Amino acid sequence: MKYLCLVYSNEELLHSLPDSPKDSECMAYAQSVQHSGRMLAAEALQSVTTATTVRVRQGQLLLTDGPFAETKEQLAGFYLVEARDLNEAIQLAAGIPAARVGSVEVRPVRQLEV
């Protein structure tokens, strides 16, 4: 089953906290999951200041600079993994270095019938 692990952190503090992961640690973790055969995709996102939120209301396109909502933590990146079950996906998420200074939301991927 596929699981999306959404990595959230406070963008302003991410690299300044004592437990903040270094890029090399994040790369090593991603490579270990890749080598295990469970990694389907993973990417880090650019700053939340580059985000554009898109809405359509009554046929009208509305664009807002920035993220959808004001929050203390912003979406920083994701891992799309293959896991036997939620427990294995949680174990993978717990190993993500940024989980020490932020949070990781684990969600099953719903397969769409095309």
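# Exercises on a predicted model

Leu17 is partly exposed, with a relative accessible area of 33%. This is a predicted model, in which local features need pLDDT of at least 70, side-chain atom pairs count only at pLDDT 80 or more, and totals for chains, interfaces and linings use all residues. Residues are numbered from 1 along each chain as its sequence is written, and side-chain values use heavy atoms, without hydrogens and water.

**Exercise 1.** Classify Leu17 and Leu61 by accessibility, and place each one.

*Solution.* 
- Step 1: set the classes. Buried means under 20% relative accessible area, exposed over 50%, and partly exposed in between (1.4 Å probe, protein chains only).
- Step 2: Leu17 has 33%, so the residue is partly exposed. Leu61 has 53%, so that residue counts as exposed.
- Step 3: Leu17 sits in the loop between E1 and H1. Leu61 belongs to strand E4. Helices (H or I, at least four residues) and strands (E, at least two) are DSSP runs, numbered from the N terminus.
- Step 4: check what Leu17 faces along the chain. Its C-alpha atom is 9.8 Å from that of Arg100, 83 residues apart along the chain.

**Exercise 2.** Find the residues that form the nonpolar surface patch, and the elements behind it.

*Solution.* 
- Step 1: Val54, Val56, Leu61 and Leu63 make a patch of about 400 Å².
- Step 2: strand E3 (52–57) and strand E4 (60–65) each give two or more residues to the patch.

**Exercise 3.** Sort the residues of helix H2 into buried and exposed, then explain the pattern.

*Solution.* 
- Step 1: H2 spans residues 86–94, with Glu88, Ala89, Leu92 and Ala93 buried.
- Step 2: those buried residues fall within an arc of 140° seen down the axis, so they line one face of the helix. The arc is taken over the directions from the helix axis to the C-beta atoms.
- Step 3: Asn87, Gln91 and Ala94 are exposed on the other side of H2.
- Step 4: the buried residues pack against strand E1 (2–9), helix H1 (23–35), strand E5 (74–82) and strand E6 (103–108).
- Step 5: Asp85 caps the N-terminal end of H2, with a side-chain oxygen 3.2 Å from the backbone nitrogen of Asn87.

Notes. Contact means heavy atoms within 4.5 Å. A polar contact is a pair of N or O atoms within 3.5 Å; within protein, one must be able to donate a hydrogen and the other to accept it, and residues adjacent in sequence count only if both atoms are side-chain atoms. Patches are made of residues with over 30% relative accessible area and no salt bridge: like charges are joined within 9 Å, nonpolar side chains (Val, Leu, Ile, Met, Phe, Trp, Tyr) within 5 Å. Accessible areas come from the Shrake-Rupley method with a 1.4 Å probe; for residues, only the protein chains shown count as cover. A salt bridge is a side-chain nitrogen of Lys or Arg within 4 Å of a carboxyl oxygen of Asp or Glu.
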